[in-house]
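Please keep the structure open beside you as you read.

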Amino acid sequence: MKAAVIAAPKAPWEIRDVPTPEPGPGEVLVRVRACGVCHNDVWTAQGVFPFPSFSPAITGHEAAGEVVALGPGVTGRRVGDRVGTTWVQETCGRCGYCRRNLPLTGQSGMNCAESVMTGLNTQGGHAEYVCVKAASTVLLPDGLDYTTAAPVLCAGYTAWSALRAARPQPGERVAVLGVGGLGHMAVQYSRACGFDTVAITGSPDKHELALGLGARAVVANGTELREAGGADVVLVTGISYRSAADALQGLLPGGRIVLAAIDPNDSFTVGPASAFWSMRQQVIGATHDGLRYLTEALDLVARGAVTPVHEVFAKEDVAEAVSRTAAGDVRFRAVVTY
Ligand SMILES: [Zn+2]
Ligand SMILES: [Zn+2]
């Protein structure tokens, strides 16, 4: 099969011929039709996060396609099923975390001692075929095409899980910090639920785009958010925790700030002069919060309430898709077809 192989940390992604994987027990073989490029793929490929622990290194955790073969013991999926794959496939079931018997989520991926994570410690989806645990897949809604579904599998899933984690109440105002792969979907999910939604972006060229996605207003930073009336919820979807800390200036009493993205370079800090404590505010960490929420996120897209904005790249152009993602100039998700 053809796959986007990363020869070494920081090396450009190259389409190469590699052996087609065979599904093991509990796995399905998926003919990948589309796979999104997540910023975490970029960091993994650059070695900012641990470089894939297998060879050849193939990352990617936003793969959508159809099941073409079943491994031993698979009963819940059939050949021909249209599926979405996810980042965390399985946990060990035995470690201290697993003994808590929590659902399969991004949290379990990061806390289980031996979790199976797509594109990190097992082959990812930037390839014509990928084997994944059947139980970690979701059936795609009818009529939802693969390139539209792909960005939902991590970006949309993260954005929706973050909104859910904030538990916004009727009449509350939601601010979305960052208008990128996650943020452009978070703005839409918030609007789809009827929340007054404000986008926070330091990029003037994204103001019109954010308004078009459903934001009622766009502000540049926490000070402007406060001047615009503040927000009960701030969803941090950009990769700067410095900007996230700044956004606290616009968080209302009782407000929740949700860290849904990772800043590999900086810390999130509550400043010494902050009134955070007296305002009874909360900082919430959020990641993929279970296949139930991924299903909700996909259904809102299938119903037309939310539309991922993506640019489609042929597999031969995967290196360009990655470099443009790294540079932050994709509107808003690069999706590679295989
Ligand atoms: Zn991702
Ligand atoms: Zn475990």
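The report below starts with the metal sites, moves on to a cavity and a pocket, and ends with the backbone. Please bear in mind that this is a predicted model.

Let us begin with the zinc ion (ligand 2). Its protein donors are the SG atoms of Cys92, Cys95, Cys98 and Cys112, which lie 2.3 Å from the ion. What arrangement do the 4 donor atoms around the zinc ion (ligand 2) make? The arrangement is tetrahedral, because the angles subtended by these atoms run from 105 to 119°, and four donors count as tetrahedral if all angles lie between 85 and 135 degrees. For reference, the ideal angle for four tetrahedral donors is 109.5 degrees.

Along the chain, the donors of the zinc ion (ligand 2) follow the spacing C-x2-C-x2-C-x13-C. Cys95 sits in the loop between β6 (88-90) and α2 (106-111), while Cys112 belongs to the loop between α2 and β7 (116-117), so this pair ties together parts that are 17 residues apart in sequence. Cys95 and Cys112 are both buried.

His61 is placed in the loop between α1 (39-46) and β4 (63-70), and Cys154 in the loop between α3 (146-149) and α4 (155-166), so the two tie together parts that are 93 residues apart in sequence.

Are His61 and Cys154 buried or exposed? His61 has a relative accessible area of 6% and is therefore buried. Cys154 is also at 6% relative accessibility, so Cys154 counts as buried.

| Zinc ion | Protein donors | Distance | Spacing along the chain |
|---|---|---|---|
| Ligand 2 | Cys92 (SG), Cys95 (SG), Cys98 (SG), Cys112 (SG) | 2.3 Å | C-x2-C-x2-C-x13-C |

**Empty space in the model**

Rolling a probe the size of a water molecule over the atoms shows where empty space is left. For cavities of 30 Å³ or more, the count comes to 1. The largest cavity has a volume of about 60 Å³. Its lining is made up of Thr86, Trp87, Val88, Leu104, Thr105, Gly106, Tyr157, His288 and Leu291. By class, the lining of the largest cavity has 5 nonpolar and 4 polar residues, and no charged ones.

Turning to the second largest pocket, we find about 290 Å³ of space. Its lining consists of 14 residues, and Arg164, Ala165, Arg167, Asp289 and Tyr293 are the ones that lie nearest its centre. The residues of this lining divide into 8 nonpolar, 3 polar and 3 charged. With 4 residues, α4 gives the most to the lining of the second largest pocket.

**Backbone spots worth a look**

Most residues other than glycine have a negative phi, and most peptide bonds are trans. The peptide bond from Ser55 to Pro56, however, is cis, with omega near -5°. Pro56 is located in the loop between α1 and β4. Another cis peptide bond joins Arg331 and Phe332, where omega is about -15°. Phe332 lies in the loop between α10 (318-327) and β17 (333-337).

Lys10 is not a glycine, yet has a positive phi of about 75°. You will find Lys10 in the loop between β1 (2-6) and β2 (13-17), and at 67% relative accessibility Lys10 counts as exposed. Asn101 also has a positive phi, near 55°. Asn101 is in the loop between β6 and α2, and with 67% relative accessibility Asn101 counts as exposed.

Terms used
Residues are numbered from 1 along each chain as its sequence is written. Chains are lettered from A and ligands numbered from 1 in the order in which they are written. This is a predicted model: local features need pLDDT of at least 70, side-chain atom pairs count only at pLDDT 80 or more; totals for chains, interfaces and linings use all residues. Side-chain values use heavy atoms; hydrogens and water are left out. Donors are N, O and S atoms within 2.8 Å of the metal (3.2 Å for Na, K and Ca); water is not among the atoms, so sites may look incomplete. Four donors count as tetrahedral if all angles lie between 85 and 135 degrees; four count as square planar and six as octahedral if opposite donors are over 155 degrees apart and all others between 65 and 115; anything else is irregular. Buried means under 20% relative accessible area, exposed over 50%, partly exposed in between (1.4 Å probe, protein chains only). On a 1 Å grid over the protein atoms alone, a cavity is a set of points where a 1.4 Å probe fits but cannot get out, and a pocket is an open set with protein on both sides within 12 Å along at least five of seven lines; lining residues have an atom within 4 Å of a point. Grid points are joined across faces, edges and corners, and a volume is the space filled by probe spheres set on the points. Ala, Val, Leu, Ile, Met, Phe, Trp, Tyr, Cys and Pro count as nonpolar, Asp, Glu, Lys and Arg as charged, and the others, Gly among them, as polar.
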